[in-house]
Amino acid sequence: HQLNVHCAAIGHPIVGDTVYGYGGEAAPNGGLRPEELPEDGASEELQRDIAEVFQGKPMCVHAKVISFCHPVTKEELSFECDAPF
């Protein structure tokens, strides 16, 4: 949920998100007004076009790379995987 609303609030909603994505159930752009969005956010037109292409498909959420410090061993771990879509 947090990832979804934060991505929407910076003008980059997650593709296929039926709550915070384009035309979703929640307030558009995570509740921010258009003038509060960053300049590099996806335009409403682009969001609409993407939503039309992916309509009815599941959300496209994927971390290409994720790294963290293991909480027990303190080892730095990093994993990389190409998107399955």
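**View 1. Surroundings of N4.** Leaving aside residues up to four places away in sequence, N4 touches I14, D17, Y20 and M59, where contact means heavy atoms within 4.5 Å. This is a predicted model, in which local features need pLDDT of at least 70, side-chain atom pairs count only at pLDDT 80 or more, and totals for chains, interfaces and linings use all residues. Residues are numbered from 1 along each chain as its sequence is written, and side-chain values use heavy atoms, with hydrogens and water left out.

**View 2. N4 in its helix.** N4 belongs to helix α1, residues 2–9; helices (H or I, at least four residues) and strands (E, at least two) are DSSP runs, numbered from the N terminus. The side chains of N4 and D17 are joined by a polar contact of 3.0 Å. A polar contact is a pair of N or O atoms within 3.5 Å; within protein, one must be able to donate a hydrogen and the other to accept it, and residues adjacent in sequence count only if both atoms are side-chain atoms. N4 counts as buried because its relative accessibility is 12%; buried means under 20% relative accessible area, exposed over 50%, and partly exposed in between (1.4 Å probe, protein chains only).

**View 3. Cysteines C69 and C81.** C69 has 36% relative accessibility, so it counts as partly exposed. C81 is also partly exposed, at 45%. The structure holds 0 disulfides, a disulfide being a pair of cysteine sulfur atoms within 2.5 Å.

**View 4. Order of the elements.** The protein has 2 helices and 2 strands. Read from the N terminus, they run α-α-β-β.
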